[in-house]
Amino acid sequence: MRIGIYGGSFDPVHDGHIAMIDSALKSGFIDLVIVVPSVRNNFKLYANKLPPPYRYYMVKETIEGLGIRDCYVSDIEYGIEGVSYTAVVLGKLTSDEYIRDFLTANGIKRKKAEESHEFFWIMGSDTLGTFESWYNPGEILNHASLLAAVRPGDNTDVDKAADSIRKNLGGRVEIFRLNGFDCSSSGITTSGDFSMVPEPARKFIAKHALYTGNTELEGVSEEARIKFFESSVWMYGYLGEKRLLHTLNVGYLSAHMAELFGSDKDKALIAGALHDCAKELPMEQQQELAKKYCGDLFTEKKLLHSPAGATFAKEEFGIEDKEILDAICYHTTGRGDMTLLEKIVYLADKIEPSRDYMDLAPIRAAAEKDLDKAVRLTAQAINNKFVSQGRDIHRATLSMMRDLGME
Ligand SMILES: [Fe+2]
Ligand SMILES: [Fe+2]
């Protein structure tokens with residue numbers, strides 16, 4: 001098969017990206033497109049607005065939602081350590097080992113998947129002129145030909161750039177016409193006009209409240225921002241889409257509440273983001289990790305992931321800060337004598353934007369003004385649910401409720 005590969009940040013995905021995929025598929029040069037949302041792009045290392053999993057799932061839901069055929073999304077960059085240079089990504093993606101499994105996993109018949117394939121790196125013609133200065137361009141051309149789109153209004157001398165690459169590097173370069181207008185992700189996020197963002201992506205953005213003041217992470221240190229991004233890549237290996245995005249949403253909301261109530265924003269971001277990191281580990285492993293953090297305090301299956309998460313974040317992700325680890329440990333139950341950070345993560349977990357298990361509007365409103373009131377409302381709602389289900393309330397929760405004057 002002739003396979004086009006289209007990499008980018010997709011922060012957010014917009015109509016220009018969709019036009020690119022569409023035009024490439026119609027160009028006659030390729031049979032299918034593999035979209036590769038970046039993880040650690042060398043041009044924008046940690047400079048993206050959103051951590052990688054949001055961008056990956058947003059693109060995936062958009063391609064599926066728009067019903068674009070012969071187009072698949074790859075998470076290959078999660079398996080690459082360090083900067084995901086195009087040469088490195090292509091080396092891995094074009095290997096028989098990877099591409100065969102990827103195509104069959106996406107419903108392509110094994111016989112077809114096992115044919116020998118031809119690869120094309122899809123790019124804008126505006127980047128063709130700089131191609132020779134990329135990291136290891138010769139290596140890129142060993143793996144793929146270049147398939148460059150001529151954008152409307154593009155002034156670069158496309159033929160000249162293509163000839164230079166052919167002559168200096170000996171690669172194959174093909175040009176195709178881009179049908180559609182041009183727009184840029186940064187233009188969209190700067191202007192706040194999302195009309196050029198496809199409907200499925202707009203829904204995704206609204207559901208997780210992305211590209212808002214809370215996701216700007218103003219006042220968060222560069223170190224914490226990098227840790228937040230890296231935690232999302234690390235957790236991608238352990239959590240499914242829904243839970244991963246939930247736990248990251250809690251990071252954003254915790255940072256926002258830390259700002260409102262005068263807690264440490266860096267710690268809130270990291271504790272919130274990591275709070276559910278252990279939730280999809282095998283139960284036996286959760287039991288073992290939980291015991292290490294606080295002995296037999298938690299034994300109920302549903303609660304184990306909290307202390308287990310503290311140990312997991314410490315041992316596997318290198319978090320040493322006790323305040324962060326405690327906020328992870330007590331996020332489900334709360335406890336007596338809670339710190340501000342613990343209350344924030346406890347609350348953010350229950351009300352982050354994608355949560356819709358009950359009418360959360362009153363708690364969300366309280367959470368903007370009065371932290372203890374919002375925690376009380378949450379504890380009360382959970383208490384009512386437990387009573388109606390005949391379940392016991394954990395003693396740590398009872399202590400929290402006592403502290404908040406709920407008896
Ligand atoms: Fe949890
Ligand atoms: Fe959670």
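**Exercise 1: the two domains.** Work out how far apart the centres of domain 1 and domain 2 are, taken over C-alpha atoms, and what the side of domain 1 that touches domain 2 is made of.

*Solution.* The centres of domain 1 and domain 2 are separated by 37 Å, taken over C-alpha atoms; keep in mind that this is a predicted model. Next, the bounds: domain 1 covers 2-201 and domain 2 covers 219-403. Now count the contact, which takes 8 residues from domain 1 and 11 residues from domain 2. Finally, sort the domain 1 side by class: 8 nonpolar, no polar and no charged.

**Exercise 2: the sheet.** Give the strand order of the open sheet of 6 strands, and find which strands stand at the edges.

*Solution.* Walk across the sheet and you get β3-β2-β1-β4-β5-β6, with parallel pairing. β3 (71-73) and β6 (173-177) each have a single partner strand, so they are the edges, with one side of each left without a neighbour in the sheet. From one strand to the next, the twist averages 30 degrees.

Zoom in on one pair: β1 (residues 2-8) and β4 (residues 118-124) run in the parallel sense over 4 bridges. For G4, look to F120 in β4 as the bridge partner.

**Exercise 3: α14 and two partners.** Classify how α14 is placed against α12 and against α18.

*Solution.* Two packed helices are described by the angle between their axes and the distance between the axes. Start with α12 (residues 222-236) and α14 (residues 265-274): their axes come within 9 Å and cross at roughly 5 degrees. That makes α12 roughly parallel to α14, because angles under 35 degrees count that way. The contact uses A224, K227, F228 and S231 of α12, together with D266, L269, I270, A273 and L274 of α14. By class, that's 6 nonpolar, 1 polar and 2 charged.

Now for α18 (residues 340-351): the axes of α14 and α18 come within 10 Å and cross at roughly 45 degrees. So α14 is oblique to α18, and the crossing is right-handed.

Methods: Residues numbered from 1 in each chain as written. Chains lettered and ligands numbered in written order. Predicted model: local features only at pLDDT ≥ 70, side-chain atom pairs only at ≥ 80, totals over all residues. Axes fitted to C-alpha atoms, helices over the stretch in contact; angles between N-to-C directions. Helix = DSSP H or I, 4+ residues; strand = E, 2+ residues; numbered from the N terminus. Parallel < 35°, antiparallel > 145°, perpendicular 65-115°, else oblique. Contact = placed C-beta atoms within 7 Å. Nonpolar A, V, L, I, M, F, W, Y, C, P; charged D, E, K, R; others polar. Domains from an automatic or database assignment. Left-handed = near helix turned anticlockwise from the far one by under 90°. Pairing = 2+ DSSP bridges.
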